[in-house]
Amino acid sequence: MIQQQPKPKNIYLADDDSDDCFLFEEALREICTESSLNTASDGIELMDLLKKKPYPDVIFLDLNMPRKNGFECLSEIRNLVEYDHIPIIIFSTTAQPEAVNKVYESGANYFVCKPNTYQLLKETIQHTLGINWEERYLEISKEKFVFQP
């Protein structure tokens, strides 16, 4: 089955694991060459990036980061009206029900468990970038919140 290439997007990735960032960028380049990627290694860097315009089309947010973690960033972003339109995808190895519930209730749009192979990472990024977030904002059901490749 041929999958359509996602439309180019301005993407932010906040993750303190440099290897994960590198693999994410490589996978993104293979599936969507026109997209731009800005990375932050912690929540403080992410919040600084958000002060720049244009705003990102989507944020991939790891939960376990130094200085300011993903939970804190999510809460801060969702409390600022100028960022409330930006989809936030939790991108984490942590799939504990408590963490999933907390980010769901805090306003994350999607929870993606980090894939364990490069091919699954590519498929996951392609799937996630293919979502029509304007439609999804209308109804974010708990049953469709977590994506495990």
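Helix 2, residues 43–50 of this predicted model, has Gly43, Leu46, Met47, Leu49 and Leu50 as buried residues. Viewed along the axis of helix 2, these residues fall within an arc of 155 degrees, so they line one face of the helix. Their packing partners are strand 1 (10–14), strand 2 (36–40), strand 3 (58–61) and helix 3 (70–78). At the N-terminal end, helix 2 is capped by Asp42.

The sheet is open and consists of 6 strands in the order 2-1-3-4-5-6, with parallel pairing. Strand 2 and strand 6 (146–147) are the edge strands, each pairing on one side only. Between strand 1 and strand 2 there are 5 bridges in the parallel sense, and Asn10 stands opposite Ser36 of strand 2. Helix 2 packs on this sheet, where it touches strand 1, strand 2 and strand 3. The direction of helix 2 makes about 135 degrees with that of strand 2.

Asp15 belongs to the loop between strand 1 and helix 1 (18–31). Buried means under 20% relative accessible area, so Asp15, at 2% relative accessibility, counts as buried. Beyond its neighbours within four places in sequence, Asp15 is in contact with Asp20, Cys21, Ala40, Ser41, Asp62, Met65 and Lys114.

The table gives distances for the side chains of Asp42 and Asp15.

| Side chain | Partner | Distance |
|---|---|---|
| Asp15 | Lys114 side chain | 2.6 Å |

Notes
Residues are numbered from 1 along each chain as its sequence is written. This is a predicted model: local features need pLDDT of at least 70, side-chain atom pairs count only at pLDDT 80 or more; totals for chains, interfaces and linings use all residues. Side-chain values use heavy atoms; hydrogens and water are left out. Buried means under 20% relative accessible area, exposed over 50%, partly exposed in between (1.4 Å probe, protein chains only). Helices (H or I, at least four residues) and strands (E, at least two) are DSSP runs, numbered from the N terminus. The arc is that of the directions from the helix axis to the C-beta atoms. Contact means heavy atoms within 4.5 Å. A polar contact is a pair of N or O atoms within 3.5 Å; within protein, one must be able to donate a hydrogen and the other to accept it, and residues adjacent in sequence count only if both atoms are side-chain atoms. Two strands pair if DSSP finds at least two bridges between them. Axes are lines fitted to C-alpha atoms, for helices over the stretch in contact, and angles run from 0 to 180 degrees between N-to-C directions.
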